[in-house]
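The sequence and structure are shown first.

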Amino acid sequence: MKCKLFLFGGFLGSGKTTLLVELGKRFTAQGFKVAIVTNDQGDFLVDTAYAESAGFAAGEVVEGCFCCNFGSFIDNLEEIMSRVAPDIILAEPVGSCTDLSATVVNPFREYHRELADLCGFYVLADIPRLNGEYRELNLSAPVTPREVLISHQLREASILLLSKADTSAAEERARAAEYLTEINPEAELRELSSITGQGLEELVDEMRVAPPLPARNSLELDYELYAEAEAEMGWYNGSFELTSKSSFLPADVAADIIMELKRRFGRSLVHGKVLISTPYGSLKLSLVAGSMHSDAALDPGREVDAAGGIVNLRGAAPPEELSAAVREILESLETERRLEVSGYREKALIPAPPQPTHRL
(Lines give C-alpha, C1' and ligand atoms only; values in the text may rest on other atoms or scores of the structure.)
Protein backbone atom coordinates (compact mmCIF):
# COMPACT_ATOMS: atom_id res chain seq x y z
CA MET A 1 0.00 0.00 0.00
CA LYS A 2 1.25 3.48 -0.85
CA CYS A 3 1.90 5.63 2.21
CA LYS A 4 -1.03 7.87 3.15
CA LEU A 5 -0.35 11.44 4.35
CA PHE A 6 -2.83 13.48 6.41
CA LEU A 7 -2.59 17.15 7.44
CA PHE A 8 -4.19 18.52 10.61
CA GLY A 9 -4.38 22.30 10.90
CA GLY A 10 -5.92 24.50 13.55
CA PHE A 11 -5.01 27.39 15.82
CA LEU A 12 -2.50 27.16 18.66
CA GLY A 13 -3.75 24.93 21.47
CA SER A 14 -6.64 23.40 19.53
CA GLY A 15 -5.43 19.88 20.38
CA LYS A 16 -3.62 18.80 17.21
CA THR A 17 -0.71 16.89 18.76
CA THR A 18 -2.86 15.07 21.28
CA LEU A 19 -5.22 14.04 18.49
CA LEU A 20 -2.40 12.80 16.26
CA VAL A 21 -0.97 10.63 19.03
CA GLU A 22 -4.39 9.16 19.83
CA LEU A 23 -5.09 8.46 16.16
CA GLY A 24 -1.64 6.94 15.85
CA LYS A 25 -2.36 4.55 18.74
CA ARG A 26 -5.55 3.37 17.07
CA PHE A 27 -3.90 2.84 13.69
CA THR A 28 -1.04 0.97 15.38
CA ALA A 29 -3.53 -1.32 17.11
CA GLN A 30 -4.89 -2.19 13.65
CA GLY A 31 -1.42 -3.17 12.42
CA PHE A 32 -0.43 0.03 10.62
CA LYS A 33 2.97 1.66 11.05
CA VAL A 34 2.54 5.35 11.87
CA ALA A 35 4.91 8.34 11.83
CA ILE A 36 4.26 11.91 12.97
CA VAL A 37 5.73 15.14 11.57
CA THR A 38 5.61 18.28 13.72
CA ASN A 39 6.29 21.89 12.80
CA ASP A 40 7.31 25.11 14.54
CA GLN A 41 8.92 28.50 14.10
CA GLY A 42 11.75 27.57 16.49
CA ASP A 43 13.72 24.62 17.82
CA PHE A 44 13.32 22.33 20.90
CA LEU A 45 9.75 21.15 20.26
CA VAL A 46 7.55 19.70 22.98
CA ASP A 47 5.35 18.08 20.32
CA THR A 48 8.19 16.08 18.77
CA ALA A 49 9.38 14.80 22.15
CA TYR A 50 5.81 13.97 23.13
CA ALA A 51 5.21 11.97 19.92
CA GLU A 52 8.48 10.08 20.40
CA SER A 53 7.69 9.35 24.06
CA ALA A 54 4.42 7.81 22.87
CA GLY A 55 6.43 5.42 20.73
CA PHE A 56 6.13 6.99 17.27
CA ALA A 57 8.84 7.77 14.76
CA ALA A 58 8.82 11.55 14.47
CA GLY A 59 10.22 14.22 12.20
CA GLU A 60 10.11 17.97 12.63
CA VAL A 61 10.19 20.98 10.35
CA VAL A 62 11.60 24.01 12.21
CA GLU A 63 12.39 27.64 11.42
CA GLY A 64 9.09 28.15 9.58
CA CYS A 65 5.84 26.51 8.59
CA PHE A 66 5.45 23.71 6.05
CA CYS A 67 4.41 26.32 3.48
CA CYS A 68 7.47 28.56 3.87
CA ASN A 69 9.80 25.63 4.42
CA PHE A 70 8.27 23.28 1.88
CA GLY A 71 11.59 21.75 0.87
CA SER A 72 12.31 20.79 4.48
CA PHE A 73 8.82 19.30 4.74
CA ILE A 74 9.51 17.06 1.74
CA ASP A 75 12.98 16.17 3.08
CA ASN A 76 11.42 15.12 6.41
CA LEU A 77 8.86 12.94 4.67
CA GLU A 78 11.56 11.27 2.56
CA GLU A 79 13.80 10.70 5.58
CA ILE A 80 11.10 9.24 7.77
CA MET A 81 9.83 7.02 4.95
CA SER A 82 13.31 5.62 4.30
CA ARG A 83 13.91 5.14 8.04
CA VAL A 84 10.70 3.42 9.14
CA ALA A 85 8.58 2.86 5.96
CA PRO A 86 5.32 4.04 7.57
CA ASP A 87 1.91 3.19 6.19
CA ILE A 88 0.49 6.47 7.52
CA ILE A 89 2.06 9.86 8.22
CA LEU A 90 0.19 12.37 10.37
CA ALA A 91 1.48 15.94 10.00
CA GLU A 92 0.59 19.12 11.87
CA PRO A 93 1.60 22.57 10.62
CA VAL A 94 2.33 25.52 12.93
CA GLY A 95 -0.82 26.58 14.75
CA SER A 96 -0.62 30.14 13.43
CA CYS A 97 -0.37 28.94 9.82
CA THR A 98 -3.14 29.13 7.23
CA ASP A 99 -3.62 29.05 3.43
CA LEU A 100 -2.54 25.41 3.47
CA SER A 101 -4.67 24.41 0.49
CA ALA A 102 -2.69 26.71 -1.80
CA THR A 103 0.73 26.35 -0.18
CA VAL A 104 0.91 22.69 0.90
CA VAL A 105 -1.95 20.55 -0.44
CA ASN A 106 -1.88 21.68 -4.07
CA PRO A 107 1.94 21.88 -4.36
CA PHE A 108 2.27 18.38 -2.89
CA ARG A 109 -0.21 17.02 -5.43
CA GLU A 110 1.47 18.87 -8.26
CA TYR A 111 5.11 18.05 -7.55
CA HIS A 112 5.35 15.12 -5.10
CA ARG A 113 2.36 12.84 -5.57
CA GLU A 114 4.72 9.92 -6.27
CA LEU A 115 6.04 10.20 -2.70
CA ALA A 116 2.77 9.51 -0.89
CA ASP A 117 -0.98 9.87 -1.27
CA LEU A 118 -2.14 13.07 0.44
CA CYS A 119 -5.54 11.81 1.55
CA GLY A 120 -6.83 14.31 4.08
CA PHE A 121 -6.74 17.90 5.30
CA TYR A 122 -8.61 18.49 8.56
CA VAL A 123 -8.82 21.66 10.65
CA LEU A 124 -9.44 21.61 14.41
CA ALA A 125 -11.55 24.22 16.21
CA ASP A 126 -11.78 23.72 19.96
CA ILE A 127 -15.21 24.11 21.54
CA PRO A 128 -14.13 26.18 24.60
CA ARG A 129 -12.59 28.82 22.33
CA LEU A 130 -15.60 28.87 19.98
CA ASN A 131 -17.82 29.61 22.98
CA GLY A 132 -15.29 31.94 24.64
CA GLU A 133 -12.69 34.22 23.13
CA TYR A 134 -13.78 33.64 19.51
CA ARG A 135 -17.14 35.21 20.37
CA GLU A 136 -15.29 38.46 20.89
CA LEU A 137 -13.94 38.31 17.33
CA ASN A 138 -15.73 39.04 14.06
CA LEU A 139 -14.79 35.84 12.27
CA SER A 140 -17.63 35.95 9.73
CA ALA A 141 -16.43 39.31 8.37
CA PRO A 142 -12.83 39.64 9.66
CA VAL A 143 -11.05 42.98 9.83
CA THR A 144 -8.20 42.81 12.36
CA PRO A 145 -5.08 40.74 11.64
CA ARG A 146 -5.95 38.05 14.19
CA GLU A 147 -9.53 37.83 12.90
CA VAL A 148 -8.22 37.41 9.35
CA LEU A 149 -5.84 34.60 10.35
CA ILE A 150 -8.29 32.56 12.45
CA SER A 151 -11.22 33.11 10.09
CA HIS A 152 -9.17 31.95 7.10
CA GLN A 153 -8.12 28.80 8.96
CA LEU A 154 -11.75 27.93 9.63
CA ARG A 155 -13.14 28.94 6.24
CA GLU A 156 -10.62 27.05 4.10
CA ALA A 157 -11.55 23.72 5.67
CA SER A 158 -14.03 21.31 4.11
CA ILE A 159 -14.04 19.19 7.30
CA LEU A 160 -13.88 20.93 10.68
CA LEU A 161 -13.19 18.89 13.81
CA LEU A 162 -14.79 20.36 16.93
CA SER A 163 -12.18 19.27 19.45
CA LYS A 164 -12.31 18.95 23.25
CA ALA A 165 -15.94 17.80 23.21
CA ASP A 166 -15.41 16.26 26.66
CA THR A 167 -15.08 19.73 28.19
CA SER A 168 -18.59 20.92 27.33
CA ALA A 169 -22.23 19.97 27.80
CA ALA A 170 -24.44 19.12 24.82
CA GLU A 171 -25.96 22.60 24.75
CA GLU A 172 -22.52 24.23 24.64
CA ARG A 173 -21.37 21.87 21.89
CA ALA A 174 -24.44 22.73 19.82
CA ARG A 175 -23.81 26.44 20.38
CA ALA A 176 -20.22 26.07 19.17
CA ALA A 177 -21.33 24.16 16.07
CA GLU A 178 -23.91 26.82 15.27
CA TYR A 179 -21.30 29.56 15.50
CA LEU A 180 -18.88 27.59 13.34
CA THR A 181 -21.59 27.13 10.71
CA GLU A 182 -22.01 30.90 10.58
CA ILE A 183 -18.29 31.22 9.78
CA ASN A 184 -18.09 28.32 7.30
CA PRO A 185 -21.53 27.10 6.19
CA GLU A 186 -20.00 24.74 3.60
CA ALA A 187 -17.89 22.65 5.99
CA GLU A 188 -18.80 19.28 7.43
CA LEU A 189 -18.61 19.36 11.23
CA ARG A 190 -17.48 16.50 13.48
CA GLU A 191 -17.32 16.47 17.28
CA LEU A 192 -14.44 14.60 18.88
CA SER A 193 -12.48 14.22 22.08
CA SER A 194 -8.95 12.91 22.31
CA ILE A 195 -9.53 12.30 26.03
CA THR A 196 -12.68 10.14 25.89
CA GLY A 197 -12.13 8.84 22.34
CA GLN A 198 -15.41 10.28 21.05
CA GLY A 199 -15.40 10.31 17.26
CA LEU A 200 -11.90 8.86 16.90
CA GLU A 201 -12.83 5.36 15.71
CA GLU A 202 -15.08 6.82 13.04
CA LEU A 203 -12.30 9.15 11.91
CA VAL A 204 -9.80 6.28 11.75
CA ASP A 205 -12.23 4.21 9.66
CA GLU A 206 -12.65 7.12 7.26
CA MET A 207 -8.94 7.80 6.98
CA ARG A 208 -8.08 4.15 6.40
CA VAL A 209 -9.96 4.08 3.08
CA ALA A 210 -9.62 7.75 2.09
CA PRO A 211 -8.60 8.35 -1.55
CA PRO A 212 -6.06 11.02 -2.55
CA LEU A 213 -7.37 14.57 -2.25
CA PRO A 214 -8.29 16.41 -5.45
CA ALA A 215 -6.88 19.86 -6.12
CA ARG A 216 -8.44 22.36 -3.73
CA ASN A 217 -9.71 25.85 -4.41
CA SER A 218 -7.96 28.38 -2.21
CA LEU A 219 -9.40 31.47 -0.56
CA GLU A 220 -8.03 34.95 -0.99
CA LEU A 221 -5.76 36.03 1.86
CA ASP A 222 -4.22 39.40 2.66
CA TYR A 223 -0.65 38.35 3.42
CA GLU A 224 0.19 41.69 5.05
CA LEU A 225 -2.55 41.19 7.64
CA TYR A 226 -1.52 37.55 7.97
CA ALA A 227 2.05 38.63 8.75
CA GLU A 228 0.79 41.20 11.29
CA ALA A 229 -1.25 38.50 13.05
CA GLU A 230 1.78 36.25 13.45
CA ALA A 231 3.94 39.19 14.58
CA GLU A 232 1.48 40.00 17.37
CA MET A 233 2.79 36.98 19.29
CA GLY A 234 6.16 36.32 20.85
CA TRP A 235 7.51 32.77 20.48
CA TYR A 236 9.79 31.06 22.96
CA ASN A 237 11.28 27.54 22.85
CA GLY A 238 13.75 26.30 25.44
CA SER A 239 15.26 23.05 26.73
CA PHE A 240 17.22 22.13 29.85
CA GLU A 241 18.34 19.27 32.09
CA LEU A 242 17.41 18.81 35.75
CA THR A 243 19.39 16.85 38.33
CA SER A 244 19.20 16.56 42.09
CA LYS A 245 21.13 14.93 44.93
CA SER A 246 17.76 13.88 46.31
CA SER A 247 14.85 12.55 44.26
CA PHE A 248 11.94 14.70 43.06
CA LEU A 249 8.54 14.26 41.42
CA PRO A 250 8.46 15.34 37.74
CA ALA A 251 4.79 16.25 38.07
CA ASP A 252 5.62 18.77 40.81
CA VAL A 253 8.24 20.45 38.62
CA ALA A 254 5.97 20.62 35.58
CA ALA A 255 3.16 22.07 37.70
CA ASP A 256 5.50 24.67 39.25
CA ILE A 257 6.52 25.89 35.79
CA ILE A 258 3.08 25.96 34.19
CA MET A 259 1.33 27.55 37.20
CA GLU A 260 3.93 30.31 37.44
CA LEU A 261 3.53 30.99 33.71
CA LYS A 262 -0.23 31.19 34.23
CA ARG A 263 0.23 33.59 37.14
CA ARG A 264 2.53 35.86 35.14
CA PHE A 265 0.78 35.93 31.79
CA GLY A 266 -2.82 34.78 32.32
CA ARG A 267 -4.89 34.67 29.15
CA SER A 268 -2.27 36.61 27.20
CA LEU A 269 -0.36 33.34 27.01
CA VAL A 270 -2.12 31.90 23.96
CA HIS A 271 -0.45 28.50 24.30
CA GLY A 272 2.12 27.21 26.77
CA LYS A 273 3.55 23.68 26.88
CA VAL A 274 5.90 22.01 29.37
CA LEU A 275 7.30 18.50 28.88
CA ILE A 276 9.31 16.73 31.57
CA SER A 277 10.98 13.54 30.29
CA THR A 278 12.38 10.74 32.46
CA PRO A 279 13.62 7.19 31.76
CA TYR A 280 10.22 6.00 32.98
CA GLY A 281 7.98 8.18 30.82
CA SER A 282 7.05 11.78 30.13
CA LEU A 283 4.55 14.30 31.42
CA LYS A 284 3.16 17.09 29.25
CA LEU A 285 1.18 19.98 30.71
CA SER A 286 -0.50 22.55 28.47
CA LEU A 287 -1.94 25.99 29.15
CA VAL A 288 -4.46 27.33 26.63
CA ALA A 289 -6.07 30.71 27.25
CA GLY A 290 -5.80 30.26 31.01
CA SER A 291 -6.98 26.63 31.15
CA MET A 292 -4.51 23.88 32.08
CA HIS A 293 -4.62 20.21 31.21
CA SER A 294 -2.36 17.17 31.02
CA ASP A 295 -1.81 15.42 27.69
CA ALA A 296 0.42 12.58 28.85
CA ALA A 297 1.32 11.11 32.20
CA LEU A 298 3.75 8.86 33.96
CA ASP A 299 3.42 7.27 37.38
CA PRO A 300 2.72 10.37 39.53
CA GLY A 301 4.34 8.78 42.54
CA ARG A 302 7.61 7.79 40.90
CA GLU A 303 10.48 9.99 41.97
CA VAL A 304 13.62 10.54 39.86
CA ASP A 305 16.95 12.26 40.35
CA ALA A 306 17.30 13.46 36.74
CA ALA A 307 14.98 14.63 33.95
CA GLY A 308 14.93 16.65 30.76
CA GLY A 309 12.66 19.61 30.22
CA ILE A 310 11.25 21.53 27.25
CA VAL A 311 9.12 24.69 27.36
CA ASN A 312 7.29 26.16 24.35
CA LEU A 313 5.38 29.45 24.70
CA ARG A 314 3.33 31.59 22.29
CA GLY A 315 1.77 34.71 23.67
CA ALA A 316 0.91 38.36 23.40
CA ALA A 317 4.21 39.39 24.96
CA PRO A 318 7.67 40.31 23.63
CA PRO A 319 9.84 37.23 23.13
CA GLU A 320 12.48 38.58 25.50
CA GLU A 321 9.82 38.84 28.23
CA LEU A 322 8.85 35.19 27.72
CA SER A 323 12.52 34.22 27.80
CA ALA A 324 13.21 36.16 31.00
CA ALA A 325 10.19 34.58 32.70
CA VAL A 326 11.38 31.04 31.95
CA ARG A 327 14.91 31.78 33.15
CA GLU A 328 13.56 33.22 36.41
CA ILE A 329 11.31 30.19 36.92
CA LEU A 330 14.23 27.82 36.39
CA GLU A 331 16.30 29.81 38.88
CA SER A 332 13.50 29.43 41.42
CA LEU A 333 13.61 25.65 40.92
CA GLU A 334 17.27 25.75 41.90
CA THR A 335 16.64 27.72 45.08
CA GLU A 336 13.27 26.34 46.18
CA ARG A 337 13.47 22.71 45.05
CA ARG A 338 17.26 22.31 45.23
CA LEU A 339 17.43 21.24 41.58
CA GLU A 340 20.45 21.83 39.37
CA VAL A 341 19.61 23.23 35.95
CA SER A 342 22.12 22.62 33.17
CA GLY A 343 22.36 22.50 29.38
CA TYR A 344 19.96 25.42 28.99
CA ARG A 345 19.22 26.42 25.40
CA GLU A 346 16.61 28.79 24.07
CA LYS A 347 15.24 30.52 21.01
CA ALA A 348 12.91 33.51 21.35
CA LEU A 349 11.57 35.34 18.31
CA ILE A 350 8.87 37.14 16.39
CA PRO A 351 7.97 35.07 13.30
CA ALA A 352 9.15 36.48 9.99
CA PRO A 353 6.47 37.43 7.42
CA PRO A 354 5.20 34.29 5.67
CA GLN A 355 6.73 33.71 2.23
CA PRO A 356 5.41 30.41 0.83
CA THR A 357 7.66 28.34 -1.41
CA HIS A 358 4.65 27.70 -3.68
CA ARG A 359 1.13 29.12 -3.88
CA LEU A 360 -1.09 27.23 -6.30
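Accessible areas come from the Shrake-Rupley method with a 1.4 Å probe. In this predicted model, the protein exposes about 14,400 Å², and carbon and sulfur atoms supply 48% of that area. Buried residues account for 58% of the 360 residues.

The fold comprises 11 helices and 13 strands. Its radius of gyration is 20 Å, close to the 21 Å that the globule rule gives for 360 residues, so the protein is as compact as a globular protein of that length. Along the principal axes, the C-alpha atoms fill a box of roughly 60 × 45 × 40 Å. Of the contacts between residues at least 6 apart in sequence, 78% join residues at least 24 apart.

The charged side chains number 34 positive and 55 negative, and the centres of the two sets lie 3 Å apart.

| Core | Size | Members include |
|---|---|---|
| Largest nonpolar core | 59 residues | Leu5, Leu7, Phe66, Phe73, Leu77 and Phe108 |
| Second, separate core | 33 residues | Phe8, Leu19, Leu161 and Ile310 |

Which residues is Leu7 in contact with, leaving aside its neighbours within four places in sequence? Its partners are Phe66, Phe73, Ala91, Val104, Val105, Leu118, Gly120, Phe121 and Tyr122.

Technical notes:
Residues are numbered from 1 along each chain as its sequence is written. This is a predicted model: local features need pLDDT of at least 70, side-chain atom pairs count only at pLDDT 80 or more; totals for chains, interfaces and linings use all residues. Side-chain values use heavy atoms; hydrogens and water are left out. Helices (H or I, at least four residues) and strands (E, at least two) are DSSP runs, numbered from the N terminus. The radius of gyration is taken over C-alpha atoms; the globule rule is 2.2 Å times the number of residues to the power 0.38. Buried means under 20% relative accessible area, exposed over 50%, partly exposed in between (1.4 Å probe, protein chains only). Contact means heavy atoms within 4.5 Å. Lys and Arg count as positive and Asp and Glu as negative; His and the chain ends are not counted. The place of a charge is taken as NZ of Lys, CZ of Arg, CG of Asp or CD of Glu. A nonpolar core is a set of buried Ala, Val, Leu, Ile, Met, Phe, Trp, Tyr and Cys residues joined through side-chain atoms within 4.5 Å.
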